[in-house]
Amino acid sequence: MLINGQTFYTMMISAANALDNSKTLINNMNIFPVPDGDTGINMSLTMSTIKSLSKFDGTIADCAEKASHMTLRAARGNSGAILSLFFRGMSKSFRGLMEADAADVAAAFRRGTDEAYKAVMKPTEGTILTVMRCSSEKAAEVYDKYTGNVEGLFKQIVKAAEQALAKTPDQLPMLKEVNLVDAGGYGFVVILSGMLAALQNQPVVATAPVAQTKESVFTEFNTEDITFTYCTECIVEKSDEFKGEGTAREFNKFICEIGDSAVFVDDDEIIKLHVHTNNPGLVMEKAIEYGALVTVKVENMRKQHTEIIEATEAPAQITVSGPESPAAAPITKKYGFVTVCMGEGISDTFRDLGADQVIFGGQTMNPSTQDIIDAINQTPAEYVFVSPNNKNIYMVAEQAAKLIDDRKVIVLNTKNVPQGISAMISFDPDASVEDNTQTMTDIFEAVTAMSVTQAVRDTTLDGEKIENGQYLGMLNGKIHCVSNTVAEALSTLSEQAEGKSFITVFCGEDATEADTELLSAALKAKADKYADINVINGGQPLYPYIISLE
């Protein structure tokens with residue numbers, strides 16, 4: 001049995017369905033109890049874009065190329081980026097082939113693994129990369145025994161991947177401590193199993209609900225009659241505390257108050273909503289209080305209406321291309337900034353510092369490669385600095401930068417909001433690109449970033465038991481203390497302010513006046529005598545406090 005374009009298409013759809021069906025399980029494999037269990041969603045959103053590819057009858061080379069292009073632009077998070085690079089490597093290996101035999105598949109696995117490894121500066125064993133490597137090594141070892149039998153080869157590949165996954169706790173002590181296998185590696189095994197199921201004529205069928213859409217007639221009213229600009233839709237996978245029907249009534253009430261044309265489905269496992277509003281960011285921020293965002297769509301109805309009217313009045317044209325990204329802005333200046341953050345106050349701070357484009361995203365909601373590409377293209381600058389402000393967004397930003405042709409993109413490896421803000425403050429519009437990059441990097445790497453959040457699951461780390469709902473004091477991305485109250489966590493974290501001169505506190509949605517006053521007093525007591533302490537209403541979800549120390 002050889003695989004042609006149609007077979008490969010069926011394999012990819014089956015893999016995407018299998019991943020979609022397992023995303024909640026994968027999300028719950030997160031090692032840390034912080035609200036960042038989005039590996040399953042990131043991988044699923046990366047793969048799900050393939051479902052928009054219509055039935056395919058071309059060569060395997062053509063199908064692999066289309067799948068590669070779609071996953072690369074839809075990639076979210078580190079796991080999604082690595083996955084998209086694997087399929088890009090496969091596509092390069094299949095180039096020029098009508099169909100593939102076992103030797104071709106083995107070569108494609110090798111090329112895919114190489115592409116994924118090349119993108120990671122310091123590959124860690126015990127992750128999705130290890131599972132990829134072991135599966136490709138097995139393919140290279142046994143392919144000559146399966147001439148004309150790709151299904152037989154795939155069985156060996158899946159078996160090797162499962163064995164590699166089972167060993168990940170022995171390679172990463174933190175996995176062993178919490179008795180989990182690597183989430184990304186598990187997701188990759190799910191993908192391979194889905195592909196094998198298709199080869200066995202039993203492709204996986206999606207069990208998740210599918211959103212229904214309905215066409216609207218836009219030509220019967222004027223653009224200026226549109227009261228609310230943005231058509232906002234999303235699906236939220238409920239967290240455990242909101243499982244069950246009717247648990248999101250307050251959210252429903254909120255949606256009805258900030259717009260019109262509201263449709264709200266409050267199901268056992270998910271929330272599905274549609275609303276016309278002028279504040280889509282507020283919708284998303286409220287949504288993640290109830291769980292994890294699965295899909296998000298925001299459309300500018302004024303712009304859509306104008307374009308539809310123009311298209312209706314213009315001569316009919318035939319097009320064979322899919323939806324296009326927004327046209328790139330003309331270059332009118334030397335430097336520009338794109339940044340990623342959550343919270344209206346934090347977003348405003350970045351804009352005040354000169355950010356051209358602010359992408360709504362961060363923990364639990366990683367933007368896609370295409371989101372970042374669009375933001376870069378809308379920045380009218382010759383040189384565009386991108387600050388991801390999250391370690392799980394950096395790789396996607398790097399891939400986005402490689403897909404930009406008409407301007408130079410520099411991705412700063414900022415891992416949190418304090419680093420991103422510090423980088424922008426240190427920017428010198430009169431300095432060279434090289435000097436600015438070096439200066440900003442030196443400055444943001446010296447920042448101490450602290451935050452407070454709540455544990456989202458019971459676990460044990462470094463011998464310490466952490467219970468769901470306890471407060472975690474985070475220091476430079478690591479758990480510094482575990483407390484039963486926000487005040488206790490803030491008190492412990494404030495010890496880090498010893499001798500610091502510049503301190504910024506971003507208060508989140510769940511910050512209280514009492515806790516903020518306590519924190520301010522504690523920081524003043526520890527900081528430099530003449531320290532500059534700023535308290536800003538950041539409005540960020542999930543993290544009541546984000547603190548920058550310099």
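How many of the residues of β12 are buried? Select β12: 5 of its 5 residues are buried, and the strand is mostly covered. Buried here means under 20% relative accessible area, exposed over 50%, and partly exposed in between, with a 1.4 Å probe and protein chains only.

This is a predicted model, in which local features need pLDDT of at least 70 and side-chain atom pairs count only at pLDDT 80 or more, while totals for chains, interfaces and linings use all residues. Residues are numbered from 1 along each chain as its sequence is written, and side-chain values use heavy atoms, with hydrogens and water left out.

**Whole chain**

Show the whole protein chain before zooming in. Its secondary structure comes to 20 helices and 16 strands. Helices (H or I, at least four residues) and strands (E, at least two) are DSSP runs, numbered from the N terminus. Of the 550 residues, 52% count as buried. Among contacts with a separation of 6 or more, 72% are between residues 24 or more positions apart; contact means heavy atoms within 4.5 Å.

**Strand β12 and its sheet**

Return to β12, residues 471-475. In a regular strand the side chains alternate between the two faces of the sheet. Both faces of β12 are covered: Y471, G473 and L475 are buried on one side, L472 and M474 on the other.

Strand β13 runs antiparallel to β12 and is joined to it by 5 bridges; two strands pair if DSSP finds at least two bridges between them. G473 has C481 of β13 as its bridge partner, and L472 has V482. The two strands form a hairpin with 2 residues between them, and N476 in the turn has a positive phi of about 50 degrees. β9 is also antiparallel to β12, again with 5 bridges. Here M450 is the bridge partner of L475 in β12.

Axes are lines fitted to C-alpha atoms, for helices over the stretch in contact, and angles run from 0 to 180 degrees between N-to-C directions.

Next, pick L542 in the loop between β15 and β16. L542 has a positive phi of about 70 degrees although it is not a glycine. With a relative accessible area of 22%, L542 is partly exposed.

Select β5 (residues 333-341) and β6, which run parallel and are joined by 4 bridges. V338 stands opposite Q357 in β6. With helix α14 (residues 344-352), these strands make a right-handed β-α-β unit. A crossover is right-handed if, with the strands pointing away from the viewer, the path from the first strand over the helix to the second runs clockwise.

Within α14, G345, I346, S347, T349 and F350 are buried. Their cover includes β5, β6, α17, β14, β15 and β16. Just after α14, look at G354, which takes a positive phi of about 115 degrees.

**Two loops**

Which residues does G362 touch? Select G362 in the loop between β6 (357-360) and α15 (369-377). Not counting residues up to four places away in sequence, G362 touches V340, M342, N390 and I393. G362 is buried, at 8% relative accessible area.

Then go to N389, in the loop between β7 (381-387) and α16 (394-402). N389 has a positive phi of about 60 degrees although it is not a glycine, and at 7% relative accessibility it is buried.

**Last stop: α6 and α7**

Select helix α6 (residues 128-142) and helix α7 (residues 150-166), which pack at an angle of about 145 degrees with axes 8 Å apart. On α6, T130, V131, C134, S135, K138, A139 and V142 take part; they meet L153, Q156, I157, A160, A161, A164 and L165 in α7.
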